[in-house]
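Reader: I am new to this structure and would like to understand how its descriptions are reached. Could we look at it together and set each value against its definition?

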Amino acid sequence: MQGFCSPRLAAIEPYVPGEQPRIADLVKLNTNENPYPPSPLAVAAVREAAASGLERYPDPDSLALREAVARRHGLGVDQVFAGNGSDEVLAHAFFAFFRQPEPLLCPDVTYSFYRVYAQRYEIDCELQPVDATLHIDVDALAARAAIGCGGIVLANPNAPTGIGLPLPRIEQLLQACARRVVLVDEAYVDFGGDSALQLIGKYPNLLVVQTLSKSRALAGLRVGFACGQAHLVEALTRAKDSFNSYPLGRPAIAGAVAALQDEDWFAHNCRTVIDTREGLALALEDLGFEVLPSQANFLFARHPQQDAGELAVALRGRAVLVRHFRAPRIAQYLRISIGTRAQCEALVQALAAILPT
Ligand SMILES: Cc1ncc(COP(=O)(O)O)c(C=O)c1O
């Protein structure tokens, strides 16, 4: 690599996504995808959009999609920004808001892509330790923010723990960090979290990021969005237009609009995932696991007598994939995405066979 690449690139430690194996019949519980297909209306809209017009560039402003998000959440279209997956939206937000004289604040246990974006955009990022139970210590974070910071980024519910914060705690952070942006990444909020979207009118420094990858089962389409007051959306649009003017293709825009309009499919799907999660949590506890309270489509669990890395390898040997992070403080946990009831049952059976009796 040396010689051709810039020293900055060489210094970056890229994010490592969960494995996407090409083997059939795996029980795939490692990347927090939805185990159910997306709305049939979304699939039909993608097909239709792909059938004609692909020779033309798509709408650079993704207006139809932004209107659909605005309608769904009671916002103005100038309060919605759309991007190619929420990862891209997050990257633009880091670029637009967080390179400040003071450090960005971020929990030490959270979505590991935040640190990668901080490196990429040369943002000084100060990690705030979560407490012994892996909950974000909001009082400590707010006290640190009040001294002066370049912004706050957190996921709510958090990843990979699944633990959610109630809205008054988000407001505490918004008030403590009033001069900088507080980014709340709500990738998993539809599985039982409290959305901060309703606070947008009240806080000019609030940016909420969501994705259609999880609750709308459209990980393969790559659609995410951010909502905030118009001045924040304008800044994100500047960031987009200094990177890629057409981040969303016509099929992605059409599919996302249709998915956002199919409220019944969405609600039923989320309910099923939540019910399955509660059942799986009990089954894991019966096997001796400690399971963190989750408001997401995954569980974060550890077994007091078993090494998590070894468990993940043993599960893989039985064609069950879960995610294990070799990271400080969480190396003894497994992150288990909620699959179908049958997939979760297969996981429990595999664990029962692996664990000593
Ligand atoms: C907390 C969090 N934010 C954002 C994302 C990115 O989602 P996407 O780029 O698929 O919208 C993920 C993906 O797993 C995530 O866990």
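Reader: Where does proline 157 lie?

Author: Proline 157 lies in the loop between S5 and H7, where helices (H or I, at least four residues) and strands (E, at least two) are DSSP runs numbered from the N terminus. This is a predicted model, in which local features need pLDDT of at least 70 and side-chain atom pairs count only at pLDDT 80 or more, while totals for chains, interfaces and linings use all residues. Residues are numbered from 1 along each chain as its sequence is written, and side-chain values use heavy atoms, with hydrogens and water left out.

Reader: What kind of peptide bond joins asparagine 156 and proline 157?

Author: The bond between asparagine 156 and proline 157 is cis, with omega at about -5 degrees. A cis peptide bond also joins alanine 159 and proline 160, with omega at about 5 degrees, and proline 160 likewise has its place in the loop between S5 and H7. As background, most peptide bonds are trans.

Reader: Why is leucine 134 called buried?

Author: Buried means under 20% relative accessible area, exposed over 50%, and partly exposed in between (1.4 Å probe, protein chains only). Leucine 134 has 4% relative accessibility, and therefore counts as buried. Leucine 134 lies in the loop between S4 and H6, and its phi is near 70 degrees, a positive value in a residue other than glycine.

Reader: Why does glutamine 172 count as partly exposed?

Author: Glutamine 172 has 24% relative accessibility, so it counts as partly exposed. This glutamine is found in helix H7 and touches Val138, Asp139 and Ala142, not counting residues up to four places away in sequence; contact here means heavy atoms within 4.5 Å.

Reader: What makes the buried residues of H6 lie on the same side of that helix?

Author: In helix H6 (residues 138-147), the buried residues are Val138, Leu141, Ala142, Arg144 and Ala145. They cover an arc of only 165 degrees around the axis, which puts them on the same side of H6, the arc being that of the directions from the helix axis to the C-beta atoms. An α-helix has 3.6 residues a turn, so residues three or four places apart point the same way. The buried residues of H6 pack against strand S3 (104-107), strand S4 (125-128), strand S5 (151-155) and helix H7 (167-176), whereas the face turned away from the buried side carries the exposed residues Ala146 and Ile147.

Reader: Which residues are closest to the ligand?

Author: The ligand is surrounded by 13 residues, of which Ser86, Asp185, Tyr188, Thr211 and Ser213 are the closest; a residue is near a molecule or strand if one of its heavy atoms lies within 4 Å of it. Helix H4 (residues 85-97) gives the most to this shell, with 4 residues.
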